Amino acid sequence: MPPSRVRRNFFARPRLLSLALFFSAAFHAAAAPPTGASNAVISINLNSEAKGEYVVWVTADGKYLVKISDLIAIGIKNPLGDKIDIDGEAYLALQSLQKASVKLDEKTQSFDILSAPETLGKQAIDLLPKNHANTLIPKNDSLFLNYRAGFSGGSDTEKTFSLLHEFGIWRGDYLFLTDGIFTAAKSKKQFVRNMTSMVYDKRELFQRNIVGDFFTTTGEFGSVLNLGGLNIAKLYSQQPNFVKHPMASFTGNTSLPAEADIYLNGNKIRTQKIAPGEFELQNLNYFGGARDVQVVVKDKLGKTQVFDYKYYFTDDLLQKDLHEYNYGLGLARKDY
């Protein structure tokens, strides 16, 4: 190997080592607190809401450096401004916070930040009444028998005795059900079995499965068939508190804590507290028909926003991502 090539490799290693030491020193210098900086405890108010006390760095030229993680924790989604890294933690000069007005009270060591609503987290407020926590879904096995006896007839008509019955056995999520009618007259005695089936409900899927006799329908404009076989159907009525139809929702924003008064056809139905930032009032449910909906948002300084909506409430439609079905496979029952 030529000597010159050996010399180049020999001198390359000290140069690489020097570069590594240089960048390492530069990194540690950048991570150290600014010269003359000291710690302080300040309190922060964000859009008139107290957010607590925080430890910050105060530089020699009066900049207050706050952890970016703390700014996110108090509700600022993506803090933008002059940033610096101290001991591996990202800090931001509070006075440089973008899309915000920042005021310092030196006597109380507190900052009042008025940040634009779009920089704050979006809150979703569900207007639908909560389900009762003590709703009871019975799981005990049971057996029942319903019956009705009747007699008809007179001097001019044949005397007839009738007995109608319904018998059921419930075990777990399975229900066996059968019913029929017995009639007895002088001319004829007859027993007619009406419906006999085994029903299995999957409540979490809103699904009902039937083996036996069932009525199946194709909807309001379709026909109804009485079949014997297998039926699989979606039944949202298995959970009475579940709302399957679309409901009204409204979006807006406020810079300060506010209250929203919700009116339907001029009548106030609800008052909802709203934190600063963007908000969405979800799942306003009401009786069917066209309604005038008005939302009046008034902040703590008296500024008022009025939102007017025209909304048609109906339970004929399904919410997004929901679907219904009713599949039946079997033979039509004749001479029923």
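Which residues have the most contacts inside the largest nonpolar core? In this predicted model, where local features need pLDDT of at least 70, side-chain atom pairs count only at pLDDT 80 or more, and totals for chains, interfaces and linings use all residues, the answer is Ile42, Val56, Tyr64, Leu71, Ile74, Ile76 and Leu94, within a core of 19 residues. Residues are numbered from 1 along each chain as its sequence is written, and side-chain values use heavy atoms, with hydrogens and water left out.

A nonpolar core is here a set of buried Ala, Val, Leu, Ile, Met, Phe, Trp, Tyr and Cys residues joined through side-chain atoms within 4.5 Å, and buried means under 20% relative accessible area, as against exposed at over 50% and partly exposed in between, for a 1.4 Å probe and protein chains only. With neighbours within four places in sequence left aside, Leu71 is in contact (heavy atoms within 4.5 Å) with Val66, Ile76, Pro79, Leu92 and Leu94. Another core lies apart from the largest one and has 17 residues, among them Ile125, Val295, Val297 and Phe307.

Val295 and Phe307 also stand opposite each other in a strand pair, Phe307 being in E20. Strand E19 (residues 289–299) and strand E20 (residues 304–313) pair in the antiparallel sense over 10 bridges, two strands being taken to pair if DSSP finds at least two bridges between them. The hairpin of E19 and E20 has four residues between the strands, and in this hairpin Gly302 takes a positive phi near 95°.

An open sheet of three strands shows mixed pairing and the order E8-E18-E15. Its edge strands, each pairing on one side only, are strand E8 (123–126) and strand E15 (248–254). Neighbouring strands of this sheet are turned by 20° against each other on average, direction ignored; the axes are lines fitted to C-alpha atoms, for helices over the stretch in contact, and angles run from 0 to 180 degrees between N-to-C directions. E15 and strand E18 (residues 277–284) run antiparallel and are joined by six bridges, and the bridge partner of Gly252 in E18 is Phe279.

The structure holds nine salt bridges, a salt bridge being a side-chain nitrogen of Lys or Arg within 4 Å of a carboxyl oxygen of Asp or Glu. In one of them, Arg171 is joined to Asp141, with the closest N and O atoms 2.7 Å apart. Arg171 lies in strand E10 (residues 160–171) and Asp141 in the loop between E8 and strand E9 (142–152), so the pair ties together parts that are 30 residues apart in sequence. Arg171 counts as exposed, at 58% relative accessibility, whereas Asp141 counts as partly exposed, at 45%.

A further salt bridge is formed by the side chains of Asp213 and Arg333 (3.4 Å, N to O). Because Asp213 lies in strand E13 (residues 207–217) and Arg333 in the segment after E21, this pair ties together parts that are 120 residues apart in sequence. Asp213 is buried, with a relative accessible area of 9%, while Arg333 counts as partly exposed at 22% relative accessibility.

Lys273 forms a salt bridge with Glu259, the closest N and O atoms being 3.0 Å apart. Here the residues lie in strand E17 (residues 267–274) for Lys273 and strand E16 (residues 258–264) for Glu259, so that parts 14 residues apart in sequence are tied together. Lys273 counts as exposed at 61% relative accessibility, and Glu259 as partly exposed at 34%. Salt bridges that share partners join Arg193, Asp213 and Arg333 into one network.

Arg193 is also the nearest side chain of opposite charge to Asp179, at 7.4 Å, and Asp179 is buried yet has no salt bridge; for charge, Lys and Arg count as positive and Asp and Glu as negative, while His and the chain ends are not counted. Asp179 is found in strand E11 (residues 174–185) and, leaving aside neighbours within four places in sequence, is in contact with His165, Glu166, Arg193, Asn194 and Met195.

Key: Helix = DSSP H or I, 4+ residues; strand = E, 2+ residues; numbered from the N terminus.
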